[in-house]
Amino acid sequence: MMTRLDDLGYKPMKLIYLASPFSSPSKALQHRRYKAVTKAGAYLTKHTGAAFILPITQSYALVKAMPSLGGSFISWAEIDFTLLSKCDELWVLTIPGWRESLGVMSEIKFAMNNNIPMWYVNPKTHAISRNTK
């Protein structure tokens with residue numbers, strides 16, 4: 001007989017989509033962005049009690065394993081929006097380039113259109129706020 005998680009006192013965690021910029025002609029900048037969001041995701045996972053979807057971390061690893069998947073937002077948009085639609089909140093890591101990122105701006109618009117609450121994450125302190133100041 002299988003034990004159900006709720007029989008063990010399991011309570012679902014809040015599921016948060018952590019958005020950040022990625023695309024760039026510079027592979028070095030892409031790698032720095034991947035490292036920044038992965039590090040922030042690890043910190044937030046440890047300190048918030050929430051579960052995080054890290055689309056850049058996931059897609060970066062998958063493209064390394066199979067380059068034909070493509071690394072642009074357009075390549076991943078359908079998957080990203082599917083993941084975001086399952087989340088309780090959207091958090092945006094405000095590393096340089098986030099305001100110019102097609103992916104981040106599209107994810108923000110999707111969240112707004114679907115009444116998904118949004119927060120902004122300071123990349124240095126990991127503090128979250130409703131605004132970007």
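**Note on the pockets, cavity and cores of a predicted model**

1. Five helices and strands, β1, α1, α2, α3 and α4 (102–113), each contribute at least two residues to the lining of the largest pocket. The structure under review is a predicted model. Within that lining, α2 is the main contributor, with 6 residues.

2. The largest pocket has a volume of about 470 Å³. Its lining comprises 29 residues, and F22, S23, Q30, I56 and G71 are the ones nearest the pocket centre. Sorted by class, the lining of the largest pocket consists of 13 nonpolar, 10 polar and 6 charged residues.

3. How many cavities of 30 Å³ or more does a search of the whole structure find? The search returns 1. The volume of the largest cavity is about 30 Å³.

4. The lining of the largest cavity is made up of P55, Q58, S59, W76, I79, D80 and L83. The largest share, 4 residues, comes from α3. By class, 4 of the lining residues of the largest cavity are nonpolar, 2 are polar and 1 is charged.

5. The largest nonpolar core holds 16 residues, and L18, L44, F52, W91, L93 and V121 are the members that touch the most others. At least two residues of this core come from each of β1 (15–19), α1 (27–48), α2 (55–65) and β3 (89–93). Helix α1 gives the most, with 4 residues.

6. Which residues does F52 touch, leaving aside those up to four places away in sequence? They are I16, L18, L44, T45 and W91.

7. Another core lies apart from the largest one. This other core has 15 residues, including I53, C87, I108 and Y120.

8. A42 is located in helix α1. Is A42 buried, partly exposed or exposed? A42 counts as partly exposed because its relative accessibility is 48%, and the partly exposed class lies between under 20% for buried and over 50% for exposed. The C-alpha atom of A42 is separated by 9.7 Å from that of L54, which is 12 residues apart from A42 along the chain.

Conventions
Residues are numbered from 1 along each chain as its sequence is written. This is a predicted model: local features need pLDDT of at least 70, side-chain atom pairs count only at pLDDT 80 or more; totals for chains, interfaces and linings use all residues. Side-chain values use heavy atoms; hydrogens and water are left out. A nonpolar core is a set of buried Ala, Val, Leu, Ile, Met, Phe, Trp, Tyr and Cys residues joined through side-chain atoms within 4.5 Å. Buried means under 20% relative accessible area, exposed over 50%, partly exposed in between (1.4 Å probe, protein chains only). Contact means heavy atoms within 4.5 Å. On a 1 Å grid over the protein atoms alone, a cavity is a set of points where a 1.4 Å probe fits but cannot get out, and a pocket is an open set with protein on both sides within 12 Å along at least five of seven lines; lining residues have an atom within 4 Å of a point. Grid points are joined across faces, edges and corners, and a volume is the space filled by probe spheres set on the points. Ala, Val, Leu, Ile, Met, Phe, Trp, Tyr, Cys and Pro count as nonpolar, Asp, Glu, Lys and Arg as charged, and the others, Gly among them, as polar.
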